[in-house]
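Here are my notes on the model, point by point. Please read them with the structure open.

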Amino acid sequence: MKLTPEEQKKQVYYRDARTGGYYGKIWTTVGKCVFCDLRNKYIFHEEHGMVMTVALYAYIDGNLMIIPRRHIKSVKELTEREWQTTRKMMYIAKKLIRKVHGLKDVQYVIRDGGAAVNSTVQDHLHIHCIPSDSPDMTVWNYRTLKHTPLENAELYRAQSKQIVALSTKYYEKYAQPSSVPISCSAIIMNKDGEVLLMENSQDTRLPLKTLMLPGGYVEDFSVPLENELGRIVHDQTGLSINQETLTLIGSHTERTRHTMYEPHLGTSYNTPQIFLLNTYLVCDKTADHAKVTPATGPQPSIWMNIQYAIESKRVPSGTRTMLRKVLKLQ
Ligand SMILES: [Zn+2]
């Protein structure tokens with residue numbers, strides 16, 4: 001990255017702020033929350049609303065930070081997903097610091113609210129990942145830094161392959177299946193014994209031509225799962241289903257691969273994902289489901305004879321198992 005002399009001067013100003021003794025003064029002129037206004041050029045990884053970025057005013061070379069996009073004060077306000085992502089990023093941080101700076105030890109300093117120093121920074125939860133080269137870091141001896149913030153960001157961004165590999169490895173080795181997302185899907189049949197299937201146009205985990213049942217991830221846990229399924233089905237097909245008529249056909253965990261796009265690294269990668277899938281049969285004899293045509297739903301959908309669907313290679317095997325169950329029930 002080519003910088004103008006003025007830009008480079010600014011970088012050096014950031015780099016030397018702590019040892020130069022002017023760090024404390026900077027905050028008297030900053031009126032906004034700096035962590036709500038993160039600059040892309042310093043970010044090198046982002047997932048599920050959590051960001052990995054270098055510290056603008058580093059304690060030591062390689063100092064990086066994990067910050068939620070949301071302006072929250074405390075770890076306790078993190079969602080399950082943000083917390084799982086934080087755990088993963090702490091793991092990536094440790095490995096990166098070792099690879100880039102040759103240091104095995106890392107200290108994680110979590111700023112969790114607090115009244116000290118200044119409110120613009122302390123109000124927004126952030127986790128410092130600080131390479132540790134000797135035990136004296138706990139008395140905050142600031143170092144003379146070799147790298148500016150931009151140089152630090154570039155050092156980490158150059159590890160994009162490593163970040164992707166670590167991200168995948170984390171999901172395979174350390175992710176806790178105790179916090180799996182819940183997905184619900186609906187088997188909707190018409191009077192002609194046809195089942196409603198949707199062409200995959202958005203889900204990058206599956207091949208384009210895959211035919212899926214209407215359904216998706218539960219987002220609102222304050223209502224019954226059946227209500228959430230009703231909302232999802234309506235969004236996808238325009239169809240209103242009577243939640244009273246739903247019968248649970250199957251409930252099991254599924255393992256799939258999810259393609260993540262990482263905008264800061266400009267790369268896509270697969271991560272394994274486990275989720276609980278509940279499949280419901282809509283047993284509403286009065287509903288005129290045949291009204292749903294590919295034109296009415298936002299996503300292309302088709303009616304397919306259930307026997308034909310069970311034999312179709314375009315229908316995922318898990319879905320075909322559920323359809324077989326439905327046939328046995330009838
Ligand atoms: Zn903020």
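Predicted model: local features only at pLDDT ≥ 70, side-chain atom pairs only at ≥ 80, totals over all residues.

1. The zinc ion has four protein donors: C33 (SG), C36 (SG), H71 (ND1) and H124 (ND1), at 1.9 to 2.2 Å. Donors are N, O and S atoms within 2.8 Å of the metal (3.2 Å for Na, K and Ca), and water is not among the atoms, so sites may look incomplete.

2. Residues are numbered from 1 along each chain as its sequence is written, and side-chain values use heavy atoms, with hydrogens and water left out.

3. Along the chain, the zinc donors follow the spacing C-x2-C-x34-H-x52-H. C33 and H124 are 91 residues apart. Both C33 and H124 are buried (under 20% relative accessible area; exposed is over 50%, partly exposed in between; 1.4 Å probe, protein chains only).

4. The structure holds 8 salt bridges, each a side-chain nitrogen of Lys or Arg within 4 Å of a carboxyl oxygen of Asp or Glu. One of them joins E47 and K88 at 2.8 Å, N to O. E47 lies in strand β1 and K88 in helix α3, so the pair ties together parts 41 residues apart in sequence. Helices (H or I, at least four residues) and strands (E, at least two) are DSSP runs, numbered from the N terminus. E47 is buried at 1% relative accessibility, and K88 is buried at 0%.
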